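These notebook entries record what I looked up in the structure. I kept them in the order in which I turned to each topic.

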There are 4 protein chains.
Amino acid sequence: MNPCLKVKELITPCVTPFTNLDEIDYAAISVLIERLVRFKVTGIFPLGSTGVFPWLSLDEKKSVITYFRNSSDLKIYAGVSSTDVRETVDLAKFAKAAGCDFAVVTPPYYITAGNAEMKSYFEEVLSSCDIDFFLYNIPQFTGSVIPVDLIEYLSGEYSNVSGIKDSSGDMRYFSRLLTTGKRKFKVLQGQDDLLLPSLSLGGDGGICGISNISSIVVRIKEEYERQEMDSARKLQVDLVNPVMDALNSSRFPSGYYYGFYASIGNNGGYRTPMQKPDSASSSRIDDALKMLNEYR
Amino acid sequence: MNPCLKVKELITPCVTPFTNLDEIDYAAISVLIERLVRFKVTGIFPLGSTGVFPWLSLDEKKSVITYFRNSSDLKIYAGVSSTDVRETVDLAKFAKAAGCDFAVVTPPYYITAGNAEMKSYFEEVLSSCDIDFFLYNIPQFTGSVIPVDLIEYLSGEYSNVSGIKDSSGDMRYFSRLLTTGKRKFKVLQGQDDLLLPSLSLGGDGGICGISNISSIVVRIKEEYERQEMDSARKLQVDLVNPVMDALNSSRFPSGYYYGFYASIGNNGGYRTPMQKPDSASSSRIDDALKMLNEYR
Amino acid sequence: MNPCLKVKELITPCVTPFTNLDEIDYAAISVLIERLVRFKVTGIFPLGSTGVFPWLSLDEKKSVITYFRNSSDLKIYAGVSSTDVRETVDLAKFAKAAGCDFAVVTPPYYITAGNAEMKSYFEEVLSSCDIDFFLYNIPQFTGSVIPVDLIEYLSGEYSNVSGIKDSSGDMRYFSRLLTTGKRKFKVLQGQDDLLLPSLSLGGDGGICGISNISSIVVRIKEEYERQEMDSARKLQVDLVNPVMDALNSSRFPSGYYYGFYASIGNNGGYRTPMQKPDSASSSRIDDALKMLNEYR
Amino acid sequence: MNPCLKVKELITPCVTPFTNLDEIDYAAISVLIERLVRFKVTGIFPLGSTGVFPWLSLDEKKSVITYFRNSSDLKIYAGVSSTDVRETVDLAKFAKAAGCDFAVVTPPYYITAGNAEMKSYFEEVLSSCDIDFFLYNIPQFTGSVIPVDLIEYLSGEYSNVSGIKDSSGDMRYFSRLLTTGKRKFKVLQGQDDLLLPSLSLGGDGGICGISNISSIVVRIKEEYERQEMDSARKLQVDLVNPVMDALNSSRFPSGYYYGFYASIGNNGGYRTPMQKPDSASSSRIDDALKMLNEYR
């Protein structure tokens with residue numbers, strides 16, 4: 001393996017906190033960023049799925065990108081997906097101009113893409129802008145998987161393919177990304193409960209939603225880097241997995257919002273169609289937060 | 001059954017034709033509208049999935065709605081879906097102000113919705129604007145089915161629920177929409193090959209993509225209205241189904257674009273990520289068009 | 001269409017009633033057969049999925065086939081599926097020798113079959129025995145769909161392919177079975193709620209579980225034959241569909257067993273792993289039976 | 001973790017080799033068993049899915065169990081699944097009497113089971129026979145997942161629940177099996193390409209089809225036990241995964257049969273419906289075998 005891939009990443013797919021007036025809560029973002037520095041995450045990913053990018057206007061998206069970029073020295077991975085390829089390109093150029101380090105892009109969604117459509121879409125985006133890109137595989141939302149050989153092809157043809165975020169939850173797919181011969185791109189796990197198995201296979205790190213709330217996933221990465229396998233395993237299986245189940249006991253991504261708001265003592269808003277978790281779920285999340293606090 | 005539901009609909013989910021410079025081809029839209037009047041369709045649905053609404057900018061969407069409204073006396077069903085509920089509401093208000101007859105709205109997509117999320121989303125949209133709405137069930141693109149009892153609930157609470165377009169292809173679901181007691185809304189089939197079975201169950205008509213190209217689906221509706229069941233059956237099984245298979249031999253919706261362009265002697269454009277059908281598929285579609293011409 | 005296909009079928013996929021000692025209740029089978037003659041069904045299908053063939057021993061299967069054959073002059077369609085092709089052939093030969101009219105066979109299950117595997121399996125079965133066969137498409141249980149072109153191929157090569165029972169619930173698939181050029185085989189619908197749409201497309205009839213309990217589905221067939229479309233539609237949508245929903249409110253096929261036992265005033269058994277419907281479901285089924293009785 | 005769980009397992013789900021006359025090839029089984037001792041596998045699992053149990057007669061199953069038991073001192077995990085619960089119980093008793101160490105049982109298949117059905121089925125089997133059981137989760141073949149809490153319940157109520165083989169390929173599910181509090185059962189991975197990630201999470205080993213052909217998966221287990229993580233990773237990603245892809249380039253389980261026959265210089269048979277791999281797939285498997293030989 002390329003030794004430069006030995007540095008593991010733990011990146012936060014940030015929530016986009018709202019006020020009770022349904023406006024973006026920049027004060028809460030500040031609190032989040034400050035926390036992430038303390039957590040020692042290696043990068044910040046605004047406008048991912050956890051950041052509910054499809055529910056923001058273009059203006060809001062640009063404003064969020066700018067705010068994150070200007071508030072932190074951490075590497076910024078800016079989500080730039082849209083159903084309209086021209087808006088995606090526009091956002092990627094904006095992110096570049098704003099000084100972001102990477103742009104993250106999903107395949108087209110709603111009207112699902114076949115291989116030819118995905119190839120054409122990614123080629124148009126990659127060639128339009130010289131920012132470094134992460135491809136974002138999340139078939140449960142886009143309706144199609146990015147084929148492993150398309151990723152290899154794009155990585156060979158375009159120098160700005162930096163990596164892939166795989167949120168499919170399919171370890172077999174993830175594993176195949178790692179066997180590609182002279183891999184030149186990073187492979188990051190997008191599901192918190194699959195972080196340790198992914199590291200054990202040679203994955204380059206994780207983009208883990210729980211890091212909005214707790215440094216526990218950063219600890220797994222650090223234990224793994226020290227090859228403290230048993231300690232990493234316990235954190236993963238006994239702490240992260242139950243916490244993740246609690247957060248997902250309410251429909252994604254509402255549990256992450258409830259948990260984040262609770263963790264900063266804030267009573268934030270839930271933009272339509274997101275619903276505040278019901279009492280059974282809220283109480284599971286409260287318990288999970290307590291468990292995390294006791295651990296520290 | 002409410003006798004006023006006996007009038008069957010055959011509505012066209014219009015393509016949005018493009019020029020080779022990737023601009024919307026309004027001249028081609030004119031040709032389409034003229035044709036639809038001749039075909040005797042009962043309504044026009046711009047900005048549906050066939051109209052590739054997710055690939056248009058907000059300005060383009062408004063311009064397309066205005067153009068359709070101003071170019072035809074037929075009833076206009078304007079697609080207003082967006083991932084951002086505020087844009088959906090904005091478009092519905094725009095459609096109302098432009099003089100459209102109906103607005104058509106899908107559930108949220110990308111981040112998929114549960115029942116509570118869908119309810120909240122539809123309630124916000126329905127109460128924001130006094131245009132009459134059709135709900136649009138298309139789980140293959142939105143990732144979730146609109147529950148039958150949610151439709152009943154919304155129809156009871158909001159006077160502007162006019163109907164539902166079901167493009168799921170699931171006749172069992174379609175059938176359950178028809179059994180709802182004192183149904184006050186129309187139920188339209190969104191899959192051309194299920195038109196006759198849907199009419200036979202008491203469905204109120206179809207929103208059929210083939211009507212961009214041929215009046216054959218209007219003929220099925222007319223034969224059914226005359227209770228010429230055998231004639232309707234032959235048109236459905238021997239003509240519409242093979243034509244539909246040909247159009248779908250290229251990834252949706254490219255076959256409809258190729259077929260439409262060919263039918264007006266135009267060499268139009270394919271906006272990214274749509275690809276022009278390959279030669280095997282093109283030639284199947286050419287044959288299908290010949291078959292339709294010979295029938296007439 | 002071949003005029004001989006104009007005769008519509010309504011066949012009963014029979015339950016295999018059990019006593020409380022977990023033995024096959026032949027007395028209850030007698031009551032069932034007597035009823036089916038009265039219902040004017042056109043055929044009897046023992047050892048289908050409703051007949052829970054996988055839960056019977058080989059001896060029980062043979063005994064059931066013999067009993068049905070010897071107790072009725074109606075056409076007998078004997079289920080002969082097994083995971084072991086040699087047992088399937090054995091059962092088909094047994095059914096032939098017993099005087100059954102047809103044998104009904106699914107693709108291999110558990111280890112799912114691709115097209116080549118399915119072709120090889122069906123060819124071995126069809127060529128091993130000169131009984132007439134119905135192929136049985138039920139992908140929800142076998143894990144694979146019988147390809148339309150494989151059915152056409154087998155129908156062309158083997159003179160004993162009499163038809164197909166499609167229980168997939170996929171009207172698009174069903175519809176494609178009907179468009180095959182010089183079709184020489186019957187196409188029967190296996191889902192009660194899709195009976196009328198299937199007839200309207202030219203399907204040859206239905207194999208409908210509700211006919212274990214009520215003649216209502218026979219009535220739909222008769223109304224359709226008389227081209228009394230509105231009457232057929234009302235029976236389908238307002239009566240059969242709610243009854244089917246009630247029967248399926250308990251896990252398949254327990255609702256059919258409960259309903260059958262209730263309809264003959266018997267308190268029959270549920271072989272493991274089948275469970276007696278819980279009280280909510282039982283009471284829905286009781287109501288459905290009342291609704292059927294009031295209709296008559 | 002219970003220290004006794006620290007011993008990792010690597011068990012072979014054995015092929016059932018056939019002669020060209022479609023008979024079970026006991027001489028080939030002898031060769032296989034001899035090899036497995038040399039490979040240092042920790043157990044032998046005849047009559048699993050790789051052993052194509054559904055295609056064997058009851059007599060063949062018993063004969064295979066007896067042959068394996070009498071030919072080896074390794075622990076024998078005998079597959080006892082059937083669609084008929086009474087045959088499952090019969091086989092479990094037979095395996096016990098024959099001196100097998102464990103019986104392995106799937107949920108019911110074809111007619112898929114809900115939770116209540118699965119519970120009733122497993123309870124009947126577990127209480128019928130005092131052999132130790134492994135539950136076998138393979139939803140791609142049975143159509144239903146064994147719920148994690150059902151496994152916990154059964155493990156609490158029945159002392160003969162020794163473990164679970166999870167072949168779902170779903171690492172999230174596998175992971176949840178490991179978080180169950182005071183786990184008293186072993187959790188084994190049934191997919192070769194997920195062996196190392198499973199070990200890294202605390203799984204108790206694997207039941208890996210490649211061990212019919214090569215000791216490479218045993219080596220991964222051994223490297224893991226020595227905590228040689230990088231070496232284990234390379235074997236998994238660079239060797240096992242490509243070999244597995246080659247074996248699965250032909251429809252399961254034909255690649256395992258072709259590979260096994262090739263590895264013992266035998267030209268064995270393929271029982272219907274299994275097909276000999278086509279030339280493209282055969283040549284991929286030949287290359288994979290060469291790669292394995294070069295590694296040694």
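Entry 1. I looked up C:Val52 and found it buried, at 0% relative accessibility (buried means under 20% relative accessible area, exposed over 50%, partly exposed in between, with a 1.4 Å probe and protein chains only). C:Val52 is not a glycine, yet its phi is positive, about 45 degrees. I located C:Val52 in the loop between strand 2 (43-45) and helix 2 (58-70) of chain C; helices (H or I, at least four residues) and strands (E, at least two) are DSSP runs, numbered from the N terminus.

I then turned to B:Lys40, also a non-glycine residue with a positive phi, here about 65 degrees. B:Lys40 sits in the loop between helix 1 (26-39) and strand 2 (43-45) of chain B. Is B:Lys40 buried or exposed? I noted a relative accessible area of 57%, so B:Lys40 counts as exposed.

**Entry 2. Basis of the values.** I note that this is a predicted model, in which local features need pLDDT of at least 70 and side-chain atom pairs count only at pLDDT 80 or more, while totals for chains, interfaces and linings use all residues. Residues are numbered from 1 along each chain as its sequence is written, chains are lettered from A and ligands numbered from 1 in the order in which they are written, and side-chain values use heavy atoms, with hydrogens and water left out.

**Entry 3. Cis peptide bonds.** A:Pro253 belongs to the loop between helix 10 and helix 11 (254-263) of chain A. In chain B, the bond from B:Phe252 to B:Pro253 is cis, with omega near -5 degrees. I placed B:Pro253 in the loop between helix 10 (229-247) and helix 11 (254-263) of chain B.

**Entry 4. Chain A against chain D.** I recorded 22 residues of chain A in contact with 23 residues of chain D, contact meaning heavy atoms within 4.5 Å. The two chains bury about 2,200 Å² between them, 53% of it on carbon and sulfur atoms; buried area is the accessible area (1.4 Å probe) that two parts lose on being put together, summed over both. On the side of chain A, the residues losing the most area to chain D are A:Arg172, A:Arg176 and A:Leu201, which together make up 24% of what that side buries.

How many salt bridges are there between chain A and chain D? I noted six, a salt bridge being a side-chain nitrogen of Lys or Arg within 4 Å of a carboxyl oxygen of Asp or Glu. One of these pairs D:Arg172 with A:Asp193, their closest N and O atoms lying 2.7 Å apart. Helix 7 (171-179), helix 8 (195-200) and helix 10 (229-247) of chain A each give two or more residues to the side that touches chain D. Helix 10 of chain A gives the most, with seven residues.

I also checked the symmetry of this pair. Chain A superposes on chain D by a rotation of 180 degrees with 0.0 Å of shift along the axis, at RMSD 0.0 Å (least squares on the C-alpha atoms of residues with pLDDT of at least 70 in both copies). The two copies are therefore related as by a two-fold rotation axis. In chain A, the C-alpha nearest this axis is that of A:Pro197, 2.1 Å away. The copies meet through the same surface, because 100% of the interface residues of chain A are also interface residues in chain D.

**Entry 5. Chain B against chain A.** Here the contact takes 38 residues from each of chain B and chain A. I recorded about 3,200 Å² buried between them, 58% of it on carbon and sulfur atoms. B:Tyr110, B:Ile111 and B:Arg251 supply 27% of the area that chain B buries against chain A, more than any other three residues. I noted two salt bridges between these chains. B:Glu60 forms a salt bridge with A:Arg86, with 2.8 Å between the closest N and O atoms.

**Entry 6. B:Ser200.** I found B:Ser200 in helix 8 (residues 195-200) of chain B. B:Ser200 counts as buried, at 1% relative accessibility. Leaving out residues up to four places away in sequence, B:Ser200 touches B:Tyr224, C:Leu196, C:Pro197, C:Ser200, C:Met229 and C:Arg233.
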